[in-house]
Amino acid sequence: MVDAVTTSNAANRTATGGAALASNFETFLTLLTTQLRNQDPLSPLDSNEFTAQLTQMAGVEQQLLTNDLLTSLLAAQSAGGLDNASNYIGKEVTAAWTATSLEGGKAKWTYELGGAASDVKLQVLDSTGKVVWEGQAPEKTTGLHDFTWDGKMTNGDTATEGGVYTLKVSATDSAGAKVDAQALIRGRVTGVEMYNGAPYLVIGDSVLPLSTVISLNEIREQADNDDAENPPVPDEEAAA
């Protein structure tokens with residue numbers, strides 16, 4: 001789901017490269033020690049050649065240290081991504097994401113219409129991309145509308161509980177012209193998770209990439225509670 005090179009993949013490659021360099025470093029030391037031990041006393045190792053070998057050894061050691069530093073930076077970056085994502089917990093978000101699971105016989109989405117439409121077709125697809133249900137949307141006015149699917153497929157069967165389903169929306173106006181429409185996931189963030197080094201948000205029965213969020217709002221109930229706990233000061237008290 002994430003096209004970019006992930007932190008965990010990069011860290012794995014770094015660890016593999018570090019292990020290979022460490023092995024080469026040990027082999028280099030063994031060969032150099034053996035060479036010094038068995039050199040001809042009448043024709044000792046040339047000082048220039050010895051210096052060059054020591055320089056190579058120092059270069060390998062520097063590569064090992066660089067790898068260790070890179071691994072630490074990648075780990076810090078991953079932790080920072082989780083910390084940043086945790087700020088979304090308790091907030092209401094809208095995300096350009098269409099996948100959710102069927103839980104308790106229900107799957108919920110939000111769809112958005114860019115203009116008033118006379119025909120709005122909704123299609124529910126299973127994990128293989130097969131259309132298992134289709135019908136007319138309950139609302140056809142401009143804006144955001146919630147839609148709940150009861151898990152009943154077009155053929156009369158009941159969809160698999162816990163299965164992953166997506167929503168597809170298409171709309172036209174009275175003249176038959178296409179109306180911009182998209183399926184979304186909207187709800188309160190209850191948790192964050194890391195997958196392949198990228199932060200994901202938990203919203204209801206959906207787990208979606210943080211990068212898909214297009215709107216972030218404070219929960220209205222919380223805002224009302226804050227207002228009740230901190231009522232505005234009357235004008236006469238403020239003047240005093």
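Which residues form one aromatic cluster? Trp109, Trp133 and Phe147 form it. This is a predicted model, in which local features need pLDDT of at least 70 and side-chain atom pairs count only at pLDDT 80 or more, while totals for chains, interfaces and linings use all residues. Residues are numbered from 1 along each chain as its sequence is written, and side-chain values use heavy atoms, with hydrogens and water left out.

**Aromatic pairs**

- Rings of Phe, Tyr and Trp (its six-membered ring) pair if their centres lie within 6.5 Å, and planes under 30 degrees apart count as stacked, over 60 as edge-to-face and the rest as tilted; the count by this rule is 4 aromatic pairs.
- Trp133 and Phe147 are a stacked pair, with 5.6 Å from centre to centre and 25° between the planes.
- This pair links distant parts of the chain, since Trp133 lies in strand β5 (residues 131-136) and Phe147 in strand β6 (residues 143-149), 14 residues apart; strands (E, at least two residues) are DSSP runs, numbered from the N terminus.
- Trp133 is buried at a relative accessible area of 18%, and Phe147 is also buried, at 9%, where buried means under 20% relative accessible area, exposed over 50% and partly exposed in between (1.4 Å probe, protein chains only).
- The ring centres of Tyr195 and Tyr200 are 5.1 Å apart with planes at 85°, so this pair is edge-to-face.
- Tyr195 is partly exposed at 38% relative accessibility, whereas Tyr200 is buried at 3%.

**The whole chain**

- Of the 240 residues in the protein chain, 31% count as buried.

Methods:
Helices (H or I, at least four residues) and strands (E, at least two) are DSSP runs, numbered from the N terminus.
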